[in-house]
Amino acid sequence: MQQGTLMRKVKSKSWKKQRYFKLQEDCMTIWYQSKRTGKTESAFSISDVETVREGHQSEVLQSLAEEFPAERCFTIVFYGRRGNLDLIAGSAEEAQCWIQGLRQLVESHSTRKRSPLTFPSPFCLSTPRSFSLASVLGLLTWIRDWFQKADKNKDGRMNFKEVQRLLKMMNVDMNEDHAMRLFQAADKSESGTLEGEEFVLFYKALTQREEVLSLFQDFSEDGKKLTLLELVDFLQQEQLEGEGTEELAMELIDKYEPSETAKARHVLSADGFLMYLCSPEGSIFNPRHRALWQDMSQPLCHYFISSSHNTYLIEDQIRGQSSIEGYIRALKRGCRCLEVDCWDGPNGEPLVYHGHTFTSKIPFREVVSTLGKYAFQQGSFAKRTPGSGHFTQRKGCPCRGSILPCRGAEAPGPGTPGPCAGPPPSPTPQELKHKILLKGKKIGRLEDTLDGPADEAPELSDEDNGAEAEEEKRRAKVGDAERVSALQKDRESLAQALSDCVIYCKSVSFQGFQEARTHSRPSEISSFSEAKARKLIRESGNEFVRHNAWQLSRIYPSGMRTDSSNYNPQEMWNAGCQIVALNFQTAGTEMDLNDGLFSQNGRCGYVLKPPFMRHEGTPFNPSDPSTWESYGPATLTIQVISGQQLPKVANSKDEAVIDPLVRVEIHGVPADQAHQETKYIENNGFNPRWDETLQFQLRVPELALVRFVVEDYDKTSRNDFVGQFTLPFANIKPGYRHIHLLSKDGTNIPPSSLFVHIRITE
């Protein structure tokens with residue numbers, strides 16, 4: 001890899017250009033140049049790479065399978081919305097060299113990101129000899145990266161002008177006199193430049209965490225260490241840890257104290273204290289809730305289920321690209337309900353695309369093959385939870401048996417209710433582990449299908465309620481003869497093999513709550529446009545909640561959202577709707593809420609609904625505050641203390657420095673919707689200090705999501721997004737906590753974080 005390799009960069013079946021790829025000396029940057037012109041085209045960092053896929057694992061490489069063997073092909077997958085890089089090596093050996101090398105570099109970088117030392121501190125820098133080799137390498141790499149960025153003339157030293165440039169790059173607008181004092185204090189050789197250990201000293205002074213040191217000294221009698229009892233006092237009084245605090249204190253010392261001498265004495269140094277606060281145990285997100293902690297043995301209708309709309313699209317709804325990448329990205333994000341629209345294709349092979357539009361098409365076979373590879377890969381817990389697919393089918397389904405053998409959910413066995421003995425029971429995620437459910441139309445008995453062949457109402461805006469009501473009346477007048485005719489047409493176009501796969505999620509048209517109570521079954525599911533769902537919530541909120549306590553509901557975006565924008569999922573979750581389908585390809589608040597809700601419970605894509613939403617006689621109505629009295633209101637108090645190494649706004653200039661502010665948003669029932677924000681700190685994105693307190697009253701905290709947003713203040717235009725983090729109120733850990741920020745695409749942006757103090761009172 002160090003010598004460089006000539007490979008083919010592929011964009012399509014006809015676009016294959018030879019490029020010379022080389023790993024730079026920093027082992028972090030890869031550039032490539034044209035073989036013909038020798039001009040460097042582009043470069044990317046290892047930190048941008050999410051994973052490396054081996055073989056024909058993209059549409060482009062699959063289309064070239066007959067020309068180039070899988071052993072020579074691989075795909076570099078980047079974080080966020082950046083397109084993948086498909087490459088063909090000259091030999092299988094060269095391909096393996098790059099695949100294994102890149103994977104090792106990516107894993108090494110990921111390990112450094114997970115290390116507490118990703119948040120460098122003056123305490124940690126003072127005792128490097130006490131660290132593990134991996135920690136030292138991680139820290140040195142971090143510091144070296146900044147050094148190399150600022151060392152413009154590449155002489156291995158930094159003069160004061162280069163230091164000033166570094167400060168701008170790090171989002172710091174520091175007074176020149178103060179910067180000079182730090183520079184001179186670190187310049188032990190008095191050479192007028194910083195090199196090696198001198199730069200480490202400068203970095204140490206720059207990253208001083210006075211607010212953490214002050215907190216440490218509040219509980220330390222001598223100001224140098226926390227004894228075991230002092231640490232226990234801190235954990236009980238501030239972190240509100242329950243039973244077993246002394247055992248927890250011992251674990252934290254053993255895990256985060258870098259000094260072996262201090263460990264032996266059962267004390268925690270300032271180094272270890274900061275490392276604890278920056279660790280998962282010091283995160284605002286309850287670490288116990290990161291794992292699979294909820295009961296998974298309840299009916300499917302008792303869970304919110306992470307769901308996507310038109311999963312195959314990675315762009316807009318009219319002319320956008322259809323790609324198996326849409327399925328891979330959604331599944332890796334924890335999605336458990338995918339959408340597959342099947343249409344007639346040449347030679348009897350069905351295609352997947354958005355019907356009656358100009359979107360590109362992908363073979364159904366490739367989609368199913370992709371699902372077979374990735375459906376149960378996301379995390380150790382998602383591997384065990386069922387997936388579901390919303391199928392719209394226009395032709396036969398010849399691929400299922402050969403590509404997904406033994407993965408579909410099976411009909412109830414002997415002795416259990418079945419098609420001839422009543423409806424199948426509503427299954428649980430526990431019972432359906434490793435299974436794939438299909439949602440779709442079903443060929444069945446006449447009485448099973450008299451509710452009509454269609455399950456999705458026409459797309460209507462909120463202003464179309466009158467037309468919508470007329471449409472419902474018209475449908476209600478359709479005679480049985482017409483329904484039988486529709487049934488016969490369905491029989492002609494619907495493949496029996498696919499119909500047989502639909503066991504627990506038979507699509508039925510919603511004809512009203514009374515009709516559903518009388519004739520519907522737990523194994524059936526109805527779909528609602530966002531406008532229809534809002535109307536039901538507004539006019540019959542309690543009935544909708546009760547309906548969702550025993551039957552699945554799927555909500556999908558308006559057909560007017562041709563740009564793949566999203567509706568607010570929170571209002572649908574407030575009514576207990578389980579399958580709230582969003583356009584996963586579109587970043588924004590809506591996907592932040594979705595990612596936040598499903599970041600718990602092992603990221604398995606299933607979240608148990610609150611108890612008051614799981615029984616059919618519930619009085620709860622999201623639109624009626626008088627029904628909320630018994631649900632335990634809470635007061636959330638947040639002291640926003642400081643920020644650390646906040647990222648710059650995308651595409652900003654090197655000399656630009658942000659003016660950060662923090663906004664805290666509450667998303668929940670209408671009465672709980674609120675937001676407050678801090679003042680902005682002028683010209684400091686490196687270590688801004690706010691020390692402001694925000695307070696919120698929550699009527700139904702079980703449904704609330706809390707979103708922390710950092711923005712760059714602009715007095716003349718809209719503020720720019722910097723980073724965010726969203727989590728359910730129920731997963732918040734009180735006390736002094738760090739919030740590790742995410743990008744607009746939901747990826748980590750280390751070492752950016754907020755430091756806060758949380759209090760919850762009932």
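A network of salt bridges links Asp592, Arg663, Glu665, Arg707 and Glu711. The model is predicted, and the count of salt bridges in it comes to 26.

**Overall build**
- The protein chain has 762 residues, of which 55% count as buried.
- Its secondary structure comprises 24 helices and 28 strands.
- Of the contacts between residues at least 6 apart in sequence, 68% join residues at least 24 apart.
- The chain exposes about 33,200 Å², and carbon and sulfur atoms supply 50% of this area.

**Salt bridges that involve loops**
- Glutamate 281 pairs with lysine 255, with the closest N and O atoms 2.9 Å apart.
- Because glutamate 281 lies in the loop between helix H12 and strand E10 while lysine 255 lies in helix H10, this pair ties together parts that are 26 residues apart in sequence.
- Lysine 255 counts as exposed, at 53% relative accessibility.
- Glutamate 692 pairs with lysine 679, with the closest N and O atoms 3.3 Å apart.
- Glutamate 692 belongs to strand E24 and lysine 679 to the loop between strands E23 and E24, so the pair ties together parts 13 residues apart in sequence.
- Lysine 679 counts as partly exposed, at 44% relative accessibility.

**A salt bridge within one helix**
- Lysine 535 and glutamate 539 form a salt bridge whose closest N and O atoms are 3.3 Å apart.
- Both residues lie in helix H22, and because they are 4 residues apart, about one helical turn separates them.
- Lysine 535 is buried, at 14% relative accessible area, whereas glutamate 539 is exposed, at 52%.

Terms used:
Residues are numbered from 1 along each chain as its sequence is written. This is a predicted model: local features need pLDDT of at least 70, side-chain atom pairs count only at pLDDT 80 or more; totals for chains, interfaces and linings use all residues. Side-chain values use heavy atoms; hydrogens and water are left out. Helices (H or I, at least four residues) and strands (E, at least two) are DSSP runs, numbered from the N terminus. Buried means under 20% relative accessible area, exposed over 50%, partly exposed in between (1.4 Å probe, protein chains only). Contact means heavy atoms within 4.5 Å. Accessible areas come from the Shrake-Rupley method with a 1.4 Å probe; for residues, only the protein chains shown count as cover. A salt bridge is a side-chain nitrogen of Lys or Arg within 4 Å of a carboxyl oxygen of Asp or Glu.
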